[in-house]
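Good morning, and thank you for making time for this item. Please bring the sequence and the model up on your screens, and I shall take you through them.

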Amino acid sequence: MMADDDHALFRYSVIASLLAPNAQQTLKEQIQQLADRHWLRPDGQLVRIGFGTIEKWFYDYRRFGLAALHSRT
């Protein structure tokens, strides 16, 4: 099981590229690219993350910072 800090840092690593402006693609296109790939979680599990989840993490981070990316379970 991942520690709470591991959850937050993993989620941040997923959305980090969205935080820098990209004039070549829309935010929607960038999120879709992230959703189309596989991610290696800190616990070693290979996962895919849905578009809506990535979008939520992005807006939560923009509004509340890293604390918003901690696990709520």
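Predicted model: local features only at pLDDT ≥ 70, side-chain atom pairs only at ≥ 80, totals over all residues.

I begin with Leu46, which touches His38, Trp39 and Leu40 when residues up to four places away in sequence are not counted; contact here means heavy atoms within 4.5 Å. Leu46 belongs to strand E2, residues 46-48. Helices (H or I, at least four residues) and strands (E, at least two) are DSSP runs, numbered from the N terminus. At 55% relative accessibility, Leu46 counts as exposed. The terms are these: buried is under 20% relative accessible area, exposed is over 50%, and partly exposed is in between, with a 1.4 Å probe and protein chains only. Between the C-alpha atoms of Leu46 and Ala67, which are 21 residues apart along the chain, the separation is 24 Å.

Residues are numbered from 1 along each chain as its sequence is written, and side-chain values use heavy atoms, with hydrogens and water left out.

Staying with the strands, Gly44 sits in the loop between E1, residues 38-40, and E2. With a relative accessibility of 49%, Gly44 counts as partly exposed. Gly44 lies 23 Å from Ala67, C-alpha to C-alpha, and the two are 23 residues apart in sequence.

Let me now turn to the chain as a whole. How many helices and strands does the protein chain have? There are three helices and two strands, and along the sequence they follow the pattern α-α-β-β-α. The radius of gyration is 12 Å, close to the 11 Å that the globule rule gives for 73 residues, so the chain is as compact as a globular protein of that length. That radius is taken over C-alpha atoms, and the rule is 2.2 Å times the number of residues to the power 0.38. Along the principal axes, the C-alpha atoms fill a box of roughly 35 × 25 × 15 Å. Of the 73 residues, 32% count as buried. Among contacts between residues at least 6 apart in sequence, 52% join residues at least 24 apart.

Next, the helices. Phe10 is in helix H1, residues 4-15. Is Phe10 buried or exposed? At 8% relative accessibility, Phe10 counts as buried. Leaving out residues up to four places away in sequence, Phe10 touches Trp39, Leu40, Arg41, Pro42, Val47 and Ile49. Trp39 and Leu40 are also among the residues that Leu46 touches. By contrast, Phe10 and Ala23 are 13 residues apart in sequence and 25 Å apart in space, C-alpha to C-alpha.

In helix H2, residues 27-35, the buried residues are Gln30, Ile31, Leu34 and Ala35. Seen down the axis of H2, these residues fall within an arc of 140°, so they line one face of the helix; the arc is that of the directions from the helix axis to the C-beta atoms. As a general point, an α-helix has 3.6 residues a turn, so residues three or four places apart point the same way. For Gln30, the relative accessibility is 10%, and Gln30 therefore counts as buried. Apart from neighbours within four places in sequence, Gln30 is in contact with Ser17, Leu18, Asn22 and Gln25.

Finally, Phe64 has its place in helix H3, residues 51-64. At 53% relative accessibility, Phe64 counts as exposed. Phe64 and Ile31 are 33 residues apart in sequence and 19 Å apart in space, C-alpha to C-alpha.
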